[in-house]
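Let's take a look at one protein model together. Keep the sequence and the 3D view side by side as you read.

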Amino acid sequence: MVKSAPGDPTLALGNKDDIVFALMGQTKAGKSSLINRIYGAKVRRVGEEMISCTKQLESVAIEEVPQYVQDALRGRRIVLLDTPGFDDTDVGDDEILIRIANWLETSLSSRYCKGMLVGGVLYLHDTTKDGWTGASRRNLNLFSKICGDDAMNLVRFLTTKWGNVPDTQLGNAERRIKELKEKHWQPLIAHGAAVHHLDPPRQLSLPGGIQDPWVLIHQMLVSMNARQMRDRILLLQRELVKERRFLIESKAGRELSMSLEDLLARAKALQRAAREDGVSSVDKEALQERQRQIDELTRQIGNLTPALSKRLKRWVWNVLGFS
Ligand SMILES: Nc1nc2c(ncn2[C@@H]2O[C@H](COP(=O)(O)OP(=O)(O)OP(=O)(O)O)[C@@H](O)[C@H]2O)c(=O)[nH]1
Ligand SMILES: [Mg+2]
């Protein structure tokens with residue numbers, strides 16, 4: 001139960017038979033670049049600097065597809081969904097989750113697209129990135145709660161930027177990916193997610209290399225056809241559309257609000273301790289900065305909570321027995 005007016009032209013003109021492939025993952029992983037490559041022209045802006053590039057969720061309907069993919073599509077249309085990473089430099093995680101929830105809800109809603117199905121979710125990972133950070137964990141946790149265990153067979157991890165890994169670093173990069181597969185990605189893989197590598201170097205010893213992203217899309221379409229295509233929706237869509245929950249009541253909403261609450265509690269504890277220790281002029285700036293952080297976290301938590309009017313509206317609907 002979020003808002004449902006489609007601001008996205010692809011959504012506004014959406015068809016019931018459209019098949020959505022969503023691209024997610026941390027900022028700079030190469031999501032928009034991959035969309036441009038699949039589309040065959042520059043339809044998405046690609047980042048150059050350190051700052052995050054994609055701010056809004058936007059989708060594109062693919063106009064030209066290779067013949068073998070066309071056969072598997074059986075007259076349906078592919079829609080690619082570009083998303084910002086949860087660690088965006090200037091859009092809060094609350095806002096990003098709200099935008100993703102709005103899009104996913106609208107794409108399935110009976111008022112608009114009347115049920116686009118999800119063909120697959122690609123989770124892109126920049127191979128050159130070293131280390132497992134708090135941001136990587138938060139991104140993956142939210143991602144797995146958006147999809148849900150039952151939809152993990154729609155998920156493909158896709159490692160990118162192998163061309164930026166020098167030969168001398170290839171062994172290290174492979175070790176990092178193996179560790180991700182065995183540790184952090186493992187729970188998702190256990191539920192059916194698979195791992196692929198985009199444009200792998202010849203010497204790569206890991207299985208799952210993909211030279212052409214269409215091959216991956218085709219594989220997913222074939223598996224979709226084999227499974228009769230029923231119920232290809234993500235957990236967040238089930239919660240928002242079928243169970244009419246508010247975002248904050250969904251698994252992803254709860255995951256985000258818990259992690260924001262945790263950050264808020266830690267920031268408040270640090271603030272209290274600093275105040276008790278006495279404040280020098282140097283510390284004053286740090287205190288002000290932390291207060292800004294506390295205010296922002298409080299705002300983000302508030303943003304996820306539905307207004308009283310919306311809660312009342314749902315209550316009335318439930319009492320009147322509308323589904
Ligand atoms: N070598 C190499 N560079 C890539 C690849 N994909 C993306 N890049 C570069 O990585 C940078 C970020 O790419 P984007 O496509 O903007 O990444 P994004 O995931 O959309 O980033 P946000 O929109 O900020 O979330 C750009 O400079 C791209 O040129 C790839 O497969 N190989
Ligand atoms: Mg982008």
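Which residue stands opposite L80 in strand 3? It's V60. Bear in mind that this model is predicted.

## Strand 3 and its partners

With strand 2 (residues 58–61), strand 3 pairs in the antiparallel sense over 4 bridges. With strand 1 (residues 19–25), the pairing is parallel and runs over 5 bridges. There, V20 stands opposite V79.

Now check which way the residues point. I78, L80 and D82 point one way from strand 3, while V79 and L81 point the other way.

## Helix 9 and its buried face

Next, find helix 9, residues 235–242. Its buried residues are L236, Q237, E239 and L240. Look down the axis of helix 9 and these buried residues fall within an arc of 165 degrees, so they line one face of the helix.

What covers them? The cover for the buried residues of helix 9 includes helix 4 (93–108), strand 4 (117–126), helix 5 (134–147) and helix 10 (251–276). After helix 9 comes R244, which has a positive phi, near 50 degrees.

## A closer look at L240

L240 sits in helix 9. Buried means under 20% relative accessible area, so L240, at 1% relative accessibility, counts as buried. L240 and A101 are 139 residues apart in sequence, yet 8.1 Å apart in space, C-alpha to C-alpha.

How values were computed
Residues numbered from 1 in each chain as written. Chains lettered and ligands numbered in written order. Predicted model: local features only at pLDDT ≥ 70, side-chain atom pairs only at ≥ 80, totals over all residues. Heavy atoms only, no water. Buried < 20%, exposed > 50% of the residue type's maximum accessible area, 1.4 Å probe, protein only. Helix = DSSP H or I, 4+ residues; strand = E, 2+ residues; numbered from the N terminus. Arc of directions from axis to C-beta. Contact = heavy atoms within 4.5 Å. Pairing = 2+ DSSP bridges.
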